[in-house]
Amino acid sequence: MSCYGFNFRALYYLDIEELFEVVKVIRGDEDAAGIAPDKDVYIRGVIIPFFRKIGKAPKGANKDTVMRCALVRVAKRLGVKYDNWDEAGTDEIVQATRRAFEDALRKRIQKLSEEERQKLYSEARKELAKGATGLGVSLVGGGAVLVGEMSGFGIYLATTTGLKALSLALGTTFGWGVYQGAATVLGIILGPIGWTIAGVGIVATGIVAVGKWFGAKDDTKLTLAVIGLILALGENPFAFLGLPFDVSMDEVKRVRNAVMKAIHPDVLRTLLPDLPPWMVSEFDTLVLRTQEAYERIQRMREETNGRSTGNTKAGKELL
Amino acid sequence: MAEAQGIPKQEKNFFEWIQEWILSLPIDLKVLLEISGDSEMGIPARSLAVGTLAYVVYFADLIPDKIPVLGLIDDVIVIRLSLEVIRGLEPERMKYYEEKYPTTFARFAEAIEVLKSALGLIYDALMALVEKLKSRRFKGHTAEEAARSEEVREEMFDEAMEYVANLNLNPDVVHKALLEAPSHQVINLLTSGLEEEDKREIREAEVAKRLEAPKAMFRKLLKGKTDEEIDEGGSSNGL
């Protein structure tokens with residue numbers, strides 16, 4: 001059962017704040033302020049119509065097709081290549097797009113001079129010292145400890161303040177402000193964990209997009225909105241844990257605990273003290289991804305257990 | 001404050017109500033959408049819900065939507081009157097909606113009273129308009145067909161949400177526009193809208209009359225085609 005992916009219904013999994021960030025990318029900050037805060041209004045009223053208009057979907061296409069067309073368009077923009085696009089699965093294109101996007105950003109960061117890069121790091125570190133620890137705790141609960149241990153670059157990006165610092169350090173405000181919204185969402189949805197996976201990549205989206213497609217206003221927005229959604233939707237947590245969609249929460253918990261027991265860095269370090277650092281880091285990431293998948297499923301279940309009543313039919317059909 | 005300037009208390013209340021209704025428009029439309037597809041309701045109630053949605057989203061209104069904020073006043077009033085009619089038709093089932101959508105139904109009976117006293121004679125004229133909504137046609141469908149077709153309702157859902165998103169209902173802007181609007185202007189707009197509506201109906205009746213002969217001829221030619229199918233080719237439904 002494919003209930004989770006880059007499709008119309010999956011959008012209803014996102015929090016209203018997350019959707020609003022994407023809406024802000026599409027409408028711009030000021031225009032978005034007057035839109036009623038409602039998932040249906042955001043999804044059906046703003047996101048899908050925009051994708052329909054810019055994504056070059058065939059006339060009369062249904063909403064899932066519209067989303068796929070927008071995705072394909074962005075994938076092509078980012079240089080993803082397929083011999084036959086019709087044969088490529090949507091999930092596959094999502095992954096390829098995500099990779100292409102990260103690569104593009106990584107390259108952009110590499111192009112910075114050593115001085116610029118150091119400035120970037122130090123600004124981010126300063127901001128982190130101010131408040132990321134607290135934010136990390138509130139975002140991922142127990143996971144915050146792990147995140148702290150990682151001290152990877154990703155953690156810096158998990159904070160809004162960190163992003164502001166980065167934007168200052170890079171000396172660019174154009175386009176960045178637009179993306180910052182989406183980036184904040186990402187920080188919240190994926191938590192610091194997600195950021196560590198996406199890595200440096202995400203940082204400069206705005207910059208790359210703006211640099212490359214300066215003037216192509218709607219295309220830039222489309223790219224930002226699609227990438228925002230890709231990152232917001234994250235990976236399919238069920239597939240990641242190898243579980244079916246209708247699995248019980250107890251089972252999910254069991255799988256998570258089993259993974260944690262087997263590969264937790266502390267355990268590994270005790271058992272295998274000679275493990276090369278890169279491998280430890282790989283396992284770190286795996287632990288974090290497991291935790292992320294677990295938390296996402298937990299959140300989805302809480303939501304479908306009737307906590308939120310304002311969502312309409314489409315949201316409920318996900319059940 | 002308003003009273004100090006000699007504006008009667010009644011008016012101040014009316015505009016406060018209107019402001020509340022305009023801001024709850026997105027939710028109200030969702031209530032109507034849900035009713036239109038509710039299999040536990042009778043077709044008359046569902047058709048009326050569809051007709052009301054079509055009025056808000058598709059039809060040329062009593063007060064044109066291009067007048068910012070004020071253009072929505074007729075819509076929010078029509079929605080309330082329509083929900084009142086549906087409450088009369090399906091009192092039991094509506095309790096479910098009243099519980100589920102408290103913002104829309106908070107102090108609903110009181111709201112209807114406010115409307116009655118504020119609108120006077122216009123109230124009855126509007127009620128008559130609402131009663132007709134369930135039999136109006138739009139986009140080649142009757143309201144009843146739309147109520148029965150999930151596909152049409154889904155399309156209406158999308159278009160209603162897009163309509164709402166493009167209204168840019170900023171609470172401050174709404175508040176300001178209503179503060180500046182004298183009540184007689186609103187009543188005038190509604191009255192002239194109703195007059196136009198009457199004219200439209202007369203026009204449509206005339207057009208229908210004039211088309212009778214050619215339609216009869218067509219029927220002979222096409223044999224088996226229904227009136228609706230012939231209508232769909234034309235644009236006599238006011239869109």
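Two residues are in contact here if their C-beta atoms, placed from the backbone, lie within 7 Å. This is a predicted model, in which local features need pLDDT of at least 70, side-chain atom pairs count only at pLDDT 80 or more, and totals for chains, interfaces and linings use all residues. Residues are numbered from 1 along each chain as its sequence is written, and chains are lettered from A and ligands numbered from 1 in the order in which they are written.

**Stop 1: chain B as a whole**

Select chain B. Its secondary structure comes to 13 helices and two strands. Helices (H or I, at least four residues) and strands (E, at least two) are DSSP runs, numbered from the N terminus. Of its 239 residues, 33% count as buried. Buried means 20 or more other C-beta atoms within 10 Å of the residue's own, exposed means 12 or fewer, and partly exposed lies in between, with C-beta atoms placed from the backbone. Take contacts in chain B between residues at least 6 apart in sequence: 76% of them join residues at least 24 apart.

**Stop 2: α2 and α10 of chain B**

Select residues 25-36 and 150-167 of chain B, which are α2 and α10. What is the angle between α2(B) and α10(B)? They pack at about 175°, with their axes 10 Å apart. Axes are lines fitted to C-alpha atoms, for helices over the stretch in contact, and angles run from 0 to 180 degrees between N-to-C directions. The two helices are therefore roughly antiparallel, a word used for angles over 145 degrees.

Show the side chains. From α2(B), pick B:L25, B:P26, B:L29, B:L33 and B:S36. They meet B:R153, B:M156, B:F157, B:A160 and B:V164 in α10(B). By class, this contact has eight nonpolar, one polar and one charged residues. Ala, Val, Leu, Ile, Met, Phe, Trp, Tyr, Cys and Pro count as nonpolar, Asp, Glu, Lys and Arg as charged, and the others, Gly among them, as polar.

**Stop 3: α2 and α3 of chain B**

The crossing is left-handed: the near helix is turned anticlockwise from the far one by less than a right angle. On the α2(B) side, select B:L29, B:L32, B:L33, B:I35 and B:S36. Their partners in α3(B) include B:A49, B:V50 and B:L53. Nine nonpolar, two polar and one charged residues make up this contact.

**Stop 4: two loops of chain B**

Most residues other than glycine have a negative phi. Go to B:R107, in the loop between α6 (102-105) and α7 (108-119). B:R107 is not a glycine, yet has a positive phi of about 50°. Is B:R107 buried or exposed? It is exposed, with 11 other C-beta atoms within 10 Å.

Now B:N168, in the loop between α10 and α11 (171-180). B:N168 also is not a glycine and has a positive phi of about 50°. This residue is partly exposed, with 17 other C-beta atoms within 10 Å.

**Stop 5: where the chains touch**

Show both chains. The contact takes 14 residues from chain B and 14 from chain A. On the chain B side, α2 and α10 are the elements that give two or more residues. α10(B) gives the most, with six. By class, that side has seven nonpolar, two polar and five charged residues.

**Stop 6: α1 and α3 of chain A**

Finish on residues 16-27 and 39-54 of chain A, helices α1 and α3. Their axes come within 10 Å and cross at roughly 35°. α1(A) passes α3(A) in a left-handed crossing. Among the α1(A) residues in this contact are A:L19, A:F20 and A:V23. Eleven nonpolar, no polar and two charged residues take part.

Definitions and conventions: Angles under 35 degrees count as roughly parallel, over 145 as roughly antiparallel, 65 to 115 as roughly perpendicular and the rest as oblique.
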